[in-house]
Amino acid sequence: MKREKMGGKGLGGEVMGFLLAVAFCIICPEYVSSAQRELGKGTPTNASATVAPAGSVDNAIRPGAAPADAPRPTPRTGPYFDLVASKNVTALLGKTAYLNCRVKNLGNKTLNMQVSWVRHRDIHLLTVGRYTYTSDQRFRAIHLPHSEDWTLQIKYPQHRDSGIYECQISSTPHMSHFIHLNVVEPTTEIIGGPDLYIDRGSTINLTCVVLYSPEPPAYIFWNHNDAIISYDSPRGGVSVVTEKGETTTSFLLIQQARPSDSGTYQCNPSNAQSKSVVVHVLNEANSIFPLSGEYPAAMQRGGQAFAPTSPTHCLVLAASLFITLS
């Protein structure tokens, strides 16, 4: 009797376990399918599994490995352009520009092939070989014997000379490389202009920036009321710092500003137009601005320019802080 009871209890446990397993499969099918996928990894099916014969060689191409019979690159036999030495050019207005075109593997083919320059603006043939085919004497072909460089020289370039120029090899079919010429005129800006208001006793800091210049200006000098500023004048406290580069910046610093320092200051780069700013040194005891909050657009206190904060800016800032904290 004991054995029958134990057997019945074991059968009931198996049924309960089966029912739980079925319920688990119904409720959690994703887990079951994922477990099946894990068990199936590395176990090929009869349809896709193949066994390599003993002693065979694995011919699969792995990343980074080239097949043993891959063709090796062959050296070029015909002419081609050296793109590293044939780049776009940015030229300064009025200063001679040089457009270079380097052709490789031309060799002695110059008897049958010529290198030409064509202006795309009007499809005008400018040069062929070392000969110039234009009445505009500003253009000239430059090529030295046994050289790979074919250069187009443009004297006194103007804004209208900007555009695309084609370096062409008279092969069959012809080969072309396009070079863009950009003729720029440097511009001068003084930060904070055209009027700058400074408190008496502060440091006047005038910043002159020269933009769009292919090369830094040779010099920059400052004027005050049409007179060149002397840095060793009896007034003292006057200095200039110039940083040259793609963008050249000149700083004029005048310490302990006084009313006599008011007037027109002019920045004069050697390769760009001059720029002026009017400086007003304010006497704090006799401020010309009312108490209603009307201030000039640019002021300097302690040598730093600032713009007064408006009530709208304060409201926006307060709303942003409220939203962040909430």
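1. **Start of the chain.** pLDDT is the predictor's confidence in each residue, from 0 to 100. A contact means heavy atoms within 4.5 Å. Where pLDDT is low, the predicted coordinates should not be read in detail.

2. **Basis of the model.** This is a predicted model: local features need pLDDT of at least 70, side-chain atom pairs count only at pLDDT 80 or more, and totals for chains, interfaces and linings use all residues. Residues are numbered from 1 along each chain as its sequence is written, and side-chain values use heavy atoms, with hydrogens and water left out.

3. **Confidence elsewhere.** The average pLDDT of the protein is 75, and 62% of the residues score at least 70. Residues 301–325 also stay under 50 in pLDDT. For that stretch the model has 17 contacts beyond four places in sequence.

4. **The largest core.** The largest nonpolar core holds 22 residues. L99, V103, W117, L152, Y165 and L181 have the most contacts inside it. Strands β2 (89–92), β3 (97–104), β4 (115–119), β8 (149–154), β9 (163–169) and β10 (175–184) each supply at least two residues of this core. β3 gives the most, with four residues. On terms: a nonpolar core is a set of buried Ala, Val, Leu, Ile, Met, Phe, Trp, Tyr and Cys residues joined through side-chain atoms within 4.5 Å. Buried means under 20% relative accessible area, exposed over 50%, and partly exposed in between (1.4 Å probe, protein chains only). Helices (H or I, at least four residues) and strands (E, at least two) are DSSP runs, numbered from the N terminus.

5. Another core lies apart from the largest one. In soluble globular proteins, nonpolar side chains tend to be buried together.

6. **Disulfide C101–C167.** The whole structure contains two disulfides, a disulfide being a pair of cysteine sulfur atoms within 2.5 Å. One joins C101 to C167, with S to S at 2.0 Å. The pair links distant parts of the chain: C101 sits in strand β3 and C167 in strand β9, 66 residues apart. The link of C101 and C167 is left-handed, with -85° about the S-S bond. C101 counts as buried because its relative accessibility is 0%. C167 counts as buried because its relative accessibility is 0%.

7. **Disulfide C208–C267.** C208 is joined to C267 by a disulfide, with S to S at 2.0 Å. These cysteines also link distant parts of the chain: C208 lies in strand β13 (residues 204–211) and C267 in strand β18, 59 residues apart. The torsion about the S-S bond of C208 and C267 is about -80°, so this disulfide is left-handed. Both C208 and C267 are buried. With the bonded cysteines numbered in sequence order, the pairing is 1-2, 3-4.

8. **Strand β18.** β18 (residues 263–269) is mostly covered, with five of its seven residues buried. Strand β14 (residues 220–224) runs antiparallel to β18, and five bridges join the two. Two strands pair if DSSP finds at least two bridges between them. F221 has N268 of β18 as its bridge partner. β18 also pairs with strand β19 (residues 275–282), in the antiparallel sense over five bridges. Here T264 has V278 of β19 as its bridge partner. A hairpin of five residues joins β18 to β19.
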